[in-house]
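Please take me through this model one selection at a time. I have it open in a viewer and would like to know what to pick next and what is there.

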Amino acid sequence: MRTRPAPAAPTRATPQATSTPAGSEPGGGRLAGVATMVGSGLSNQTGAAIGSLAFPVLGPVGVVAVRQYVAALVLIAVGRLRLRSFTWAQWWPVLLLALVFGTMNLSLYSAIERVGLGLAVTLEFLGPLTIALASSRRRVDVGCAVIAAAGVVTLMRPQPSTDYLGMALGLLAAACWASYILLNRTVGRRVPGAQGAAAAAGISAVMFLPIGIVVAVRHPPTAGAVTCAIAAGVLSSAVPYLADLFTLRHVPPRAFGLFMSVNPVLAALVGMIGLGQGLGGPEWASIGAIVAANALSIVTSRS
């Protein structure tokens, strides 16, 4: 679950670090942080790829339901919830965050089923990129927006095999991620620690509980499919969350945001190697353009 975005790219829900500032970390801590970022990114995309293996049995809805359950267990265990102390001013953004969280994952996994891991994650990444560029008035960010837009146009160019519904689902995931960032800022200001993220994850899991029951009744799950879905939850929710807790204590936010922009490339590579989802030259060029736009915006940022 992602909150408190670094420049141009969001992080997952993390309580405020109380250790030594990232900028003053020794070389060993910085190197460990970078290694953790690599592991977190690969874990996230590998989890999504493994989860897609359960689509023939559970479908994207069933896989997302299991992922929501895993995310809720992890965040509630860490968040130390005190729900009775919540006021309405704290509850309403948490409820919206829960709705957006579930919709974001469902639309992303549905897009993965139709257009593949690499393209789906690239389209979803437009959410935080749009938030970052929209909040800037610099000329270089206008240029970055044009580069990213060119990448999107190339990705969505009309072809006989173009899956417009899959593309639309990817863009819906992007809109949800952008909403997720804005809501997390509100939740982060109003709810202490990770309680807001934990409450949202728990509510989202409850919302998916009847959906999971219906899926299980209509499509009896196999042991292999359930294992893949649980693995997706662990690798794409639990591991990245815990990894980010460590990373943000050792790596400057700019470096964290810069590495986050590489996730579409990691997704394309994992999809190609693990799922046999090869991409053509125009698709790779589009992914490269969107990643470059984000990276350029971060590198040239003053803060």
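Select Ala 98 and show what surrounds it: beyond the residues up to four places away in sequence, Ala 98 touches Ala 200, Ile 203 and Ser 204. This is a predicted model, and Ala 98 sits in its helix α3. Is Ala 98 buried or exposed? Ala 98 counts as buried because its relative accessibility is 0%, and the cut-off for buried is under 20%. Tyr 180 is 82 residues from Ala 98 along the chain, and the two C-alpha atoms are separated by 9.2 Å.

Stay in helix α3 and move to Ser 110, which lies in that helix too. With a relative accessible area of 15%, Ser 110 is buried. Which residues does Ser 110 contact once its neighbours within four places in sequence are left aside? They are Pro 60 and Leu 169.

The next stop is the aromatic rings. How many aromatic pairs are there? The count comes to four. One of them joins Phe 55 and Tyr 109 in an edge-to-face arrangement, with 6.2 Å from centre to centre and 65° between the planes.

Then select Phe 125 and Trp 177, another edge-to-face aromatic pair, at 6.2 Å centre to centre and 70° between the planes. Where do the two partners sit? Phe 125 is in the loop between α4 (117-124) and α5 (126-134), while Trp 177 is in helix α7 (residues 164-190). They are 52 residues apart, and this pair also links distant parts of the chain. Phe 125 and Trp 177 are both buried.

Go on to Ser 286, placed in helix α12 (residues 281-299). Ser 286 is buried, at a relative accessible area of 1%. Which backbone oxygen does the side chain of Ser 286 reach? That oxygen belongs to Gly 151, and the distance is 3.2 Å. Show the contacts as well: not counting residues up to four places away in sequence, Ser 286 touches Gly 151, Thr 154 and Leu 155.

Now select helix α11, residues 263-275. Its 13 residues reach 17 Å from the first C-alpha to the last, close to the 18 Å expected at 1.5 Å a residue. Which residues of α11 are buried? They are Asn 263, Pro 264, Leu 266, Ala 267, Ala 268, Val 270 and Gly 271. Step past the end of α11 to Gly 276, which follows the helix and has a positive phi, near 70°.

Finish with the cysteines. Select Cys 176, which counts as buried at 8% relative accessibility. Then pick Cys 228, also buried, with a relative accessible area of 17%. How many disulfides does a search of the whole structure find? The search finds zero. A disulfide is a covalent bond between the sulfur atoms of two cysteines.

Conventions
Residues are numbered from 1 along each chain as its sequence is written. This is a predicted model: local features need pLDDT of at least 70, side-chain atom pairs count only at pLDDT 80 or more; totals for chains, interfaces and linings use all residues. Side-chain values use heavy atoms; hydrogens and water are left out. Rings of Phe, Tyr and Trp (its six-membered ring) pair if their centres lie within 6.5 Å; planes under 30 degrees apart count as stacked, over 60 as edge-to-face and the rest as tilted. Helices (H or I, at least four residues) and strands (E, at least two) are DSSP runs, numbered from the N terminus. Buried means under 20% relative accessible area, exposed over 50%, partly exposed in between (1.4 Å probe, protein chains only). Contact means heavy atoms within 4.5 Å. A polar contact is a pair of N or O atoms within 3.5 Å; within protein, one must be able to donate a hydrogen and the other to accept it, and residues adjacent in sequence count only if both atoms are side-chain atoms. The expected span of a helix is 1.5 Å times one less than its number of residues. A disulfide is a pair of cysteine sulfur atoms within 2.5 Å.
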